[in-house]
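Hello,

Here is the structure I promised to pass along. Please open it next to this message, and then read on for what turned up in it.

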Amino acid sequence: MDIDMPLVLSWAVLISGAIWAFDVLVLKPRRQAAHQALTDSGSKGQALDRSLREPVLVEYARSFFPILLLVLLLRSFLAEPYQIPSESMVPTLEVGDFVLVNKFAYGIRLPVVGTKICDVGTPQRGDIMVFIPPHDPRYFIKRVIGVPGDVIRYENKALYINGERADYDFVAQFEEHTPFGNLPIREYTETFDGRAHQIYRYQISEQPREWTVPEDSYFMMG
């Protein structure tokens, strides 16, 4: 099960901050008043020391709140680590690899709710993106193939973007066990818009497909 770390961190910051604030505004003045009363009455020793002692929960909240807040800000607005969950980006990214994602490359968003508060840039063809698609609550890691208005065609293991075929340079061939059995796999360097990356081609027959990318949408592939 995927853990929603921004949500967990947000709740941790909110709860620890609320406990600390409640202590500062309510509990600490009471402790100080009790301490002063004991001092005025001439009390000494452990009772006087205990009167100013913070509750354990408050001590933990005060200690962890700044750290949790800093981590939340860093993960929300600067960079966040992700682990590669599947083989869809092999050989560029292997299963289990960790990547550090630039969180402000396409605009600054609020944590959890995802509301954009500042535009910085837009995805470009060839970018590798971490995103949550409309049909699945999990995050995906794919490459941007099409931007709004593009016509994408996939035929005979080749991409056509707005009628222009991507360039493919053969690198090597080997055999590997796949969900379809042991199949020969060919590695190519795929290049479009001047950006090159490595891909694998499985020799499986597929029907040609074509898509037109709607506004405010992007076409992603592994």
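A word on terms before the findings: two residues are in contact when they have heavy atoms within 4.5 Å of each other. With that in mind, residues 24 or more positions apart account for 49% of the contacts in the protein chain with a separation of 6 or more. Please also keep in mind that this is a predicted model.

**The chain as a whole**

The protein chain holds 3 helices and 14 strands. Its radius of gyration is 27 Å, well over the 17 Å that the globule rule gives for 222 residues, so the chain is more spread out than a compact globule. The C-alpha trace spans about 90 × 40 × 30 Å along its principal axes. Of the 222 residues, 29% are buried. The exposed surface comes to about 14,400 Å², and carbon and sulfur atoms supply 58% of that area. As for charge, there are 22 positive and 28 negative side chains, with the centres of the two sets 9 Å apart.

The loop between β1 and β2 contains Pro 91. A cis peptide bond joins Val 90 and Pro 91, with omega at about 10°.

Strand β6, residues 140-146, is mostly covered, with 6 of its 7 residues buried. β5 and β6 run antiparallel and are joined by 4 bridges; here Val 130 has Ile 141 in β6 as its bridge partner. β6 also pairs with β14 in the antiparallel sense, over 3 bridges, and Val 144 stands opposite Met 220 in β14.

Asp 119 sits in the loop between β4 (116-118) and β5 (128-131). Is this residue buried or exposed? The relative accessible area of Asp 119 is 62%, and the cut-off for exposed is over 50%, so Asp 119 is exposed. Its C-alpha atom is 15 Å from that of Ser 76, which is 43 residues away along the chain.

**The open sheet of four strands**

An open sheet of 4 strands runs in the order β9-β8-β7-β13, with antiparallel pairing. Its edge strands are β9 (164-165) and β13 (209-212), each pairing on one side only. Strand β7, residues 151-155, pairs with β13 over 4 bridges in the antiparallel sense, and the bridge partner of Val 151 in β13 is Thr 212.

**Two residues with positive phi**

Most residues other than glycine have a negative phi, and most peptide bonds are trans. Asn 156 has a positive phi of about 55° although it is not a glycine. You will find Asn 156 in the loop between β7 and β8 (158-161), where it counts as exposed at 66% relative accessibility. Asp 216 likewise is not a glycine, yet its phi is positive, at about 60°. Asp 216 lies in the loop between β13 and β14 (219-221) and is exposed, with a relative accessible area of 74%.

**Glu 176 in strand β10**

Glu 176 belongs to strand β10, residues 167-178. Which residues does Glu 176 contact, leaving aside its neighbours within four places in sequence? They are Gly 181, Asn 182, Leu 183, Ile 185 and Tyr 202. The C-alpha atoms of Glu 176 and Tyr 202 are separated by 9.7 Å, although these residues are 26 apart along the chain. With a relative accessible area of 32%, Glu 176 is partly exposed.

Best wishes, and happy browsing!

Conventions. Residues numbered from 1 in each chain as written. Predicted model: local features only at pLDDT ≥ 70, side-chain atom pairs only at ≥ 80, totals over all residues. Heavy atoms only, no water. Rg over C-alpha atoms; globule rule 2.2 N^0.38 Å. Buried < 20%, exposed > 50% of the residue type's maximum accessible area, 1.4 Å probe, protein only. Areas by Shrake-Rupley, 256 points an atom, 1.4 Å probe, with all protein chains shown as cover. Lys, Arg positive; Asp, Glu negative; His and termini not counted. Charge placed at Lys NZ, Arg CZ, Asp CG, Glu CD. Pairing = 2+ DSSP bridges.
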